[in-house]
Amino acid sequence: MNTEKTPITLEKIVSLCKRRGFVYQSAELYGGLNGVYDFGHVGTLLKQNIRKSWLASINAASDDILMMEGALLAPQEVWNASGHLANFNDPMVDCLNCKHRYRADELDLNKPCPHCGQKKWTDVRMFNMMFKTHLGASEDQASVAYLRPETAQAIFVNFKNIISTNRVKIPFGVTQIGKAFRNEINPKQFLFRMREFEQMELEWFCSEKTAQTDFEFWSQKRLGFYETIGIKKNNIRLRAHEKDELSHYSSATSDIEYQFPFGWKELEGIAYRTNFDLTQHGNFSKKDLSVFDDETKSSFVPHVVECSVGVDRLFLTALFDAYDEDVAEGEQRIVLRLSPILAPIKAALMPLTKKQVEPLEKIYRDLKRAGYMVQFDESGSIGKRYRRQDEIGTPVCFTYDFESETDRCVTARNRDTMQQERISIDKIEEYLAQLIK
Ligand code: GAP
């Protein structure tokens, strides 16, 4: 058997996702929709765990965090004020020979088309990435709306409502987890660049005086988060943007980057957005979005530090980081060494014979009732069952065997070490709680 490790590739991750039901190509039955994906059972659970741990980390960093859930559609006034209608463009170029379309900033136009080898480019045109639609039956200007390209604007547009319905004072943060849509010219690298995706965003409202310190505070907190969910330290780095990389709204940005097989790429953006957004929405809506400062006895428009990460991009990151291949019981195995916090299934329960189904099923039901996402796995050889659970990252498998009736213990088999130990049935819950902590 060849036990040499081969590099982790995107193809391996895509294949695992498909085989084990993490991710499906959306509308695959009809040929698929490019840049759009559906999530299966274990994929949905992994996403849930990502959202949960992200929210917990934000709340652990500050006591002044609110939540909101904005609509996916917003009228064009919002996108005029935010600058997205004018600035949210990618440069696009087509090959006149093979009709392939590219993002012009990702190509050297002095070179031939990577697809057909000819050098017949169209002019570079700017392409707005927002999805436009009309509300209601009429298609006039007044009915135009856009699917949001970022979740952040819903928070800014609701700033007045948030202030007046919560007893909050600057500084405080508002979190939101939800879908965003971008008509990417070239969706690629699976979940890395999608057309429909999900963001987790924190908008931290503060004064100009503390903005720089707050920016640094959140940069460090966010970096620390990836360690708590088990991402390897040497695969993560914080990189400050050069001036010419900054978005239209930002005066300082740092990216948390991950070392993907296709290079160091942005995983999360931390941006000091100044008071650009609230000032713009105040001007365009002609509403006062300032707050009163008790200390200086004057009003000011709050500044914002934003932390923004894609759920799907973090999903892909977690899979890359956890993916491993080794040899188990004489067989090649694929194992996802996911942090137990993220693991979709926390434990699998495996009876060795039919006689053991009933007593183990009782343990399974008790664990489910206690809130643990566990699986009862009774089909196939024990080796096959282990392989199945290893591939979805289940941290522990419990087998109930002949001795269990007498010693009231199960065997716990650790996913990473493959070591086995006897555990008292009464202690299983405690064992899992410890594992997930
Ligand atoms: N509100 C700020 C904002 O949207 P961004 O850098 O464009 O900033 C933030 O996006 C994060 O959203 C990115 O770091 C990435 O994790 C995720 N993201 C952005 N575009 C994406 C796409 N097309 N597919 C998947 N995730 C995406």
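The model is predicted, so local features need pLDDT of at least 70 and side-chain atom pairs count only at pLDDT 80 or more, while totals for chains, interfaces and linings use all residues. Residues are numbered from 1 along each chain as its sequence is written, and side-chain values use heavy atoms, with hydrogens and water left out.

Let us start with the ligand. There are 21 residues around it, and Glu 150, Arg 182, Glu 201, Glu 266 and Leu 267 come nearest; a residue counts as near if one of its heavy atoms lies within 4 Å. By class, this shell has ten charged, seven nonpolar and four polar residues. Here Ala, Val, Leu, Ile, Met, Phe, Trp, Tyr, Cys and Pro count as nonpolar, Asp, Glu, Lys and Arg as charged, and the others, Gly among them, as polar.

Strand 11 (196-206), strand 14 (263-274) and strand 17 (303-310) each supply at least two residues of the shell, and strand 14 gives the largest share, with five residues. Strands (E, at least two residues) and helices (H or I, at least four) are DSSP runs, numbered from the N terminus.

Now look at some individual atom pairs. A side-chain N or O atom of Gln 199 is 2.9 Å from an oxygen atom of the ligand. At Leu 267, a polar backbone atom is 2.8 Å from a ligand oxygen. A nitrogen atom of the ligand, in turn, has a polar side-chain atom of Glu 306 at 2.9 Å. On its own the ligand has 550 Å² of accessible area, and the protein covers 91% of that (Shrake-Rupley method, 1.4 Å probe).

Strand 23 (residues 409-414) and strand 24 (residues 420-424) run antiparallel and are joined by five bridges; strands pair if DSSP finds at least two bridges between them. Cys 409 stands opposite Ser 424 of strand 24. Five residues lie between the strands of this hairpin, where Met 418 takes a positive phi near 65°.

Most residues other than glycine have a negative phi, and most peptide bonds are trans. Gln 189 is not a glycine, yet has a positive phi of about 50°; its place is in the loop between strand 10 and strand 11. The peptide bond joining Ile 170 and Pro 171 is cis, with omega about 0°. Pro 171 belongs to the loop between helix 6 (159-165) and strand 10 (172-181).

Definitions and conventions: Polar contact = N/O pair within 3.5 Å; in protein donor to acceptor, adjacent residues only side chain to side chain.
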